[in-house]
Amino acid sequence: MEGTEEKFPAQWALDLLEPTALDRSNHIFKYYIVPFSTVSFPLAIVFKNLIGKKPATANKPYIVLASIIGFLAGCGLHWAADLRFARRDAIMRDYIMHHPERFPEPDVKKYSDIFNKWYPRR
């Protein structure tokens with residue numbers, strides 16, 4: 001009975017939700033919020049010092065504290081985004097599994113089938 005394996009009719013739609021090699025290797029866009037928040041929180045303290053007519057590096061403990069808080073906030077936002085995207089993907093997978101009739105196999109078309117023949121007029 002090895003040859004009687006049934007194929008799920010909407011498997012192509014589920015395959016689209018699987019991460020590709022590019023998705024797994026693109027760490028800059030995946031973790032952009034952590035370094036951004038780690039740098040932007042202390043910069044807010046520096047700008048506050050400059051607006052208050054103080055030296056830029058006054059309140060150094062606050063700058064260090066802001067960078068730590070910024071790092072933790074960035075990690076928290078990244079965790080929340082991962083959780084949100086995982087839930088979204090789980091909902092889509094569940095919908096595809098329960099309604100495969102709404103995801104028929106797409107027709108494979110060539111550009112020659114889509115575009116009309118072109119005759120240049122000079």
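My entries follow, and I kept in mind throughout that this is a predicted model.

**Record check.** I started with UniProt, where an unreviewed entry places the feature "transmembrane region" at residues 31-50 and 62-81. I then looked at each span in the model. Residues 31-50 are 90% helix and 0% strand, and their end C-alpha atoms lie 30 Å apart. For residues 62-81 I found 100% helix and 0% strand, with 28 Å between the end C-alpha atoms.

**Helix α4.** This helix covers residues 33-51. I51 has 71% relative accessibility, so I noted it as exposed. I51 also belongs to a nonpolar surface patch with V39, L43, F47 and L50, and together they have about 520 Å² of accessible area.

I45 counts as partly exposed because its relative accessibility is 22%. Leaving out residues up to four places away in sequence, I45 touches Y62, I63 and A66. I also checked I45 against A90: they are 45 residues apart in sequence, and their C-alpha atoms are 40 Å apart in space.

**Core.** Which residues make up the largest nonpolar core? I found five: A10, A13, L14, L17 and I96. Helix α1, residues 11-17, gives the most to this core, with three residues.

Technical notes: Residues numbered from 1 in each chain as written. Predicted model: local features only at pLDDT ≥ 70, side-chain atom pairs only at ≥ 80, totals over all residues. Heavy atoms only, no water. Patch = residues over 30% accessible without salt bridge, like charges linked within 9 Å, V, L, I, M, F, W, Y side chains within 5 Å. Areas by Shrake-Rupley, 256 points an atom, 1.4 Å probe, with all protein chains shown as cover. Salt bridge = Lys/Arg side-chain N within 4 Å of Asp/Glu carboxyl O. Helix = DSSP H or I, 4+ residues; strand = E, 2+ residues; numbered from the N terminus. Buried < 20%, exposed > 50% of the residue type's maximum accessible area, 1.4 Å probe, protein only. Core = buried A, V, L, I, M, F, W, Y, C linked by side-chain atoms within 4.5 Å. UniProt positions renumbered as here; feature names shortened; annotations may be inferred. Contact = heavy atoms within 4.5 Å.
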